[in-house]
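Please consult the sequence and the model alongside the text.

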Amino acid sequence: MTDKFKKGLQNWLQIQPVSPYHVSIQSFMDFETAAIRNRIWYRADGNELEQLYQQCRMLNDAQKFWGAKPTAGMEIRKIHTGLPGLIVKMLSAIVLPDMNAFEFDSDIQKNLWEEIESENHFEALMDTCLKDTLVVGDGAFRIVLDPAESEHPIIEWVPGERVEFVYRYGRLKEVIFKIPWDKGDVLHAHYGRGYIRHKLYRNEQEYPLPKEVQDWTFDESLMMAVPFKIYENAKYEGRGSSIYYGKLDSFDALDEAWSQWMDALRAGRSKTYVPESFIPRDPNSGLLLKPNAFDNRFIAGADDISEGAKNAITVTQPNIPHDSYMASYITALDLCLQGIISPSTLGIDTKKLDNAEAQREKEKTTLYTRASIVKAIQEQVPKLIQQCINAEKVLRGESIEEVKVDIPFGEYANPSFEAAVQTIAQARQSGIMSIERCVDELYGDTMDSSEKEEEVARLKEEQGISSVEEPDFSVEEGIDGSPNIKPQLQNEPGGIQADA
């Protein structure tokens, strides 16, 4: 009845329902192609960038700076600033050095991981992993058990363009690694819970596996592949997002602004016009001497033979609008760095007048990006450590166990030592901070717990602060059951001096 009443009301009021609209959007690249494009930007080679944009011919690439072809005779020098690669290298440099020693609940697990870490050069592996993840978007660690190569599990990092993820109900079910094989073949290694299966493909057709490739089965709670990503991808579901997402057009505009500025400088060189009568001649032939391109460049002009004329050497210098070029460059640079990293982190001071405090305030954007990277490492790398230790157990024929590990990180862009001393001293004088807390805040991770305790003891001794033990009274029952309090004497532990 309700639906009939609504339709009747619409007909009576002549209300026309909204007709549905269909929007069709064509995608010009998949995740692998986007990863290749991002890698070329990271490699910072202008020749490769120009070849990429002119060969792919993606939508509107002909209008972009690197995809445009100049008119014959009006060529311009295209210069790449290298900013995308610098951003990734700097972010990796400010995160990994602050990664402290891993903290395990078990010393046995700690010693075992140290052996695996040393065997796989884990620090260099993490540096490669972090850079690839920032550029491509994601990737995965692959644990290989090969006793012929190593007595410990081998950790291999595979970037995102050679990895596929299979999800079910929003949970990771399988990781597929695409491994280049002989004669253009591609080996697909399917890593799931409790198994490793292989398939060999040639031109998208499956072929029999070689004898040296074997499938594995083990405990179903173990998965010898750990994905790693920092940001979620808004375009490809289940994949990670590159830090270049939404910034490539800004990088292209920055290169155009810088190239145009340098082209204006080249075209704006000073020109010297010298009358022909002032040009020296060859004493043997009498011909005009050619100018030296290094130290004697000039343009020969005809002599002025009009009445009252005077021949003179003139120098012309075109006017180059440096302020306009600088404003365009700074604006393009700000668009490239917004939401990613602060200019001061890269050593760029756009105002030239900022003091140290203002520079630290500009580090906030870097701190936000660094916090996202640190969070991803603290959440996903412990899973890798757990899988590696359990893979070692499988290799030895032992049962797997739970591994608890914490990855602490130091602070970044904290105040200078002098500023910290001044702030802590004011808090101590105000009586709102103890000596123990002062030492902990001042030295942080540069001292371990034993060194901090020694420093606290020395400070208390120098300031004349000593701890006094309170008297301990023992309670004894009397004859009638009532409590009888008896003080301890001086020669008893913790006692006080009693009158004889």
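## Surroundings of Tyr 201

Leaving out residues up to four places away in sequence, Tyr 201 touches Asp 185, Val 186, His 188 and Glu 206, where contact means heavy atoms within 4.5 Å. Tyr 201 and Val 186 are 15 residues apart in sequence, and their C-alpha atoms lie 5.3 Å apart in space. Tyr 201 belongs to strand E7 (residues 195-202); strands (E, at least two residues) and helices (H or I, at least four) are DSSP runs numbered from the N terminus. With a relative accessible area of 22%, Tyr 201 is partly exposed, since buried means under 20%, exposed over 50% and partly exposed in between, with a 1.4 Å probe and protein chains only.

## Basis of the model

This is a predicted model, in which local features need pLDDT of at least 70 and side-chain atom pairs count only at pLDDT 80 or more, while totals for chains, interfaces and linings use all residues. Residues are numbered from 1 along each chain as its sequence is written, and side-chain values use heavy atoms, with hydrogens and water left out.

## Ser 241

Ser 241 is located in the loop between strand E10 (225-229) and helix H7 (248-267). Its relative accessibility of 8% makes Ser 241 buried. Apart from residues up to four places away in sequence, Ser 241 touches Thr 133, Gly 137, Tyr 231, Glu 232 and Asn 233.

## Nonpolar core

The largest nonpolar core holds 87 residues, of which Trp 113, Phe 141, Phe 177 and Ile 377 touch the most other members. Such a core is a set of buried Ala, Val, Leu, Ile, Met, Phe, Trp, Tyr and Cys residues joined through side-chain atoms within 4.5 Å. Helix H10 (residues 364-396) supplies the largest share of this core, 10 residues.

Beyond its neighbours within four places in sequence, Phe 141 is in contact with residues including Leu 125, Met 126, Ile 155, Trp 157, Phe 177 and Leu 384.

## Helices H2 and H3

Helix H2 (residues 31-43) and helix H3 (residues 46-56) have axes 8 Å apart and pack at about 155°; axes are lines fitted to C-alpha atoms, for helices over the stretch in contact, and angles run from 0 to 180 degrees between N-to-C directions. H2 and H3 are therefore roughly antiparallel, a class for angles over 145 degrees, with under 35 roughly parallel, 65 to 115 roughly perpendicular and the rest oblique. Arg 37, Ile 40, Trp 41 and Arg 43 of H2 make the contact with Glu 48, Leu 49, Leu 52 and Tyr 53 of H3.
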